[in-house]
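Have the sequence and the 3D view open, and let's walk through this protein together.

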Amino acid sequence: ALSGWLTMVGELGKMGVDTKGTPLFWGHGEYDDKVLFEQQAFGVEKLKKEGGIETIRAAKYPMGHQGHPEEMKTFAEFLDGLLFRCDKE
């Protein structure tokens with residue numbers, strides 16, 4: 001997620017799918033005035049406790065509601081680690 005927020009919090013336990021092995025990246029701007037930065041901490045906590053997601057990489061960046069070069073780099077590295085991890089083992 002990039003500057004996202006969690007909707008339908010009450011439905012997390014009812015998803016009926018095993019999400020424990022689903023890794024998640026959540027980047028967010030500290031000065032975001034569209035999707036408040038506090039939504040990240042709230043969402044990460046709920047996804048871990050009620051959604052059962054074990055691997056969440058939350059990162060913050062000195063920006064508003066926009067992209068940041070460091071965010072794109074970190075996100076690309078996150079995806080690279082998921083898609084090509086067997087090449088690195």
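Here is a short tour, from confidence to strands, a helix and the cores.

First, some ground rules. This is a predicted model, where local features need pLDDT of at least 70 and side-chain atom pairs count only at pLDDT 80 or more, while totals for chains, interfaces and linings use all residues. Residues are numbered from 1 along each chain as its sequence is written, and side-chain values use heavy atoms, with hydrogens and water left out.

The protein has a mean of 88, and 92% of its residues reach 70 or more.

| Element | Residues | Mean pLDDT |
|---|---|---|
| strand E2 (highest) | residues 56-61 | 95 |
| helix H3 (lowest) | residues 85-88 | 60 |

Where pLDDT is low, the predicted coordinates should not be read in detail.

Now for the strands. E1 and E2 run parallel and are joined by 6 bridges (two strands pair if DSSP finds at least two bridges between them). Glycine 29, for instance, has tyrosine 61 in E2 as its bridge partner. Buried means under 20% relative accessible area, exposed over 50%, and partly exposed in between, using a 1.4 Å probe and protein chains only. In E1, 5 of the 6 residues are buried, so the strand is largely enclosed by the rest of the structure.

Next comes helix H2 (residues 69-83). Its buried residues include Glu71, Thr74 and Phe78.

What makes up the largest nonpolar core? It has 7 residues: Leu6, Leu12, Trp26, Val44, Leu47, Ile53 and Ile56. Apart from it lies another core of 5 residues, among them Phe25, Ala59, Tyr61 and Met63. A nonpolar core is a set of buried Ala, Val, Leu, Ile, Met, Phe, Trp, Tyr and Cys residues joined through side-chain atoms within 4.5 Å.

Finally, glycine 10 sits in the segment before strand E1 (24-29). Glycine 10 counts as exposed because its relative accessibility is 60%.

Definitions and conventions
pLDDT = per-residue confidence, 0-100. Helix = DSSP H or I, 4+ residues; strand = E, 2+ residues; numbered from the N terminus.
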